[in-house]
Amino acid sequence: MAPEPTPEEVSQFVERFAGILANSGVPTMSARVMGRMLVSPTGTMTAAELAESLKISQPAVSGAVRQLIQVSFITRERQPGSRKDHYRIREDVFAAILERRNLALSEWESSSRSGADLFGPDSPVGRRLSEAADFFAFIHADMDQMIKNWRAEHPR
């Protein structure tokens, strides 16, 4: 069994992980909160705990958790007898995130197809948009199957 990481090692991991997420388009504060939530032993933290561990302000935490709730990365809950909100990371968090992204691919496909119809299938723009729509449909179908396979192999 690996030794327990030091607080410094945990912090370095969280910042590296957050940097990778930020480079892929996740807002920086949300990426940092995601990273910190991932390494929480219980998967649950309060806003004050997040602010303290990440050395950021409560308003920064508030904005980040709002965004993470909207994308279904975390949920907000109250523990019996507590007035504080506790944020819990979802059990199937990455599959849920990819499902949301996959829904976006379906919308991209639909929008691209309507654009191809608007410009005409034989125009350069129509051909470009048709190819984009075909690509989005292809990726959407594969992603949908991968998520189904994952859930079949990793039931909750």
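This is a predicted model: local features need pLDDT of at least 70, side-chain atom pairs count only at pLDDT 80 or more; totals for chains, interfaces and linings use all residues.
**View 1. A salt bridge between Arg32 and Glu15.** The closest N and O atoms of Arg32 and Glu15 are 2.9 Å apart. This pair links distant parts of the chain, with Arg32 in helix H2 (residues 28–38) and Glu15 in helix H1 (residues 7–23), 17 residues apart. Arg32 counts as buried at 13% relative accessibility, whereas Glu15, at 34%, is partly exposed.

**View 2. A salt bridge between Glu77 and Arg88.** The side chains of Glu77 and Arg88 meet at 3.1 Å, N to O, and they join strand S2 (residues 74–78), which holds Glu77, to strand S3 (residues 85–89), which holds Arg88. Glu77 is partly exposed at 24% relative accessibility, and Arg88 is partly exposed at 31%.

**View 3. A network of salt bridges.** Arg90, Asp92, Glu99 and Arg151 are linked in this network, within which the side chains of Arg90 and Asp92 meet at 2.9 Å, N to O. Arg90 counts as partly exposed at 26% relative accessibility, while Asp92 is buried at 11%.

View 4. The structure holds four aromatic pairs, among them the edge-to-face pair of Trp108 and Phe136, with 5.3 Å centre to centre and 65° between the planes. Because Trp108 lies in helix H5 (residues 93–119) and Phe136 in helix H6 (residues 124–153), the pair ties together parts that are 28 residues apart in sequence. Trp108 is partly exposed at 48% relative accessibility, whereas Phe136 is buried at 16%. Together with Phe135, Trp108 and Phe136 form one aromatic cluster.

How values were computed:
Residues are numbered from 1 along each chain as its sequence is written. Side-chain values use heavy atoms; hydrogens and water are left out. Rings of Phe, Tyr and Trp (its six-membered ring) pair if their centres lie within 6.5 Å; planes under 30 degrees apart count as stacked, over 60 as edge-to-face and the rest as tilted. Helices (H or I, at least four residues) and strands (E, at least two) are DSSP runs, numbered from the N terminus. Buried means under 20% relative accessible area, exposed over 50%, partly exposed in between (1.4 Å probe, protein chains only). A salt bridge is a side-chain nitrogen of Lys or Arg within 4 Å of a carboxyl oxygen of Asp or Glu.
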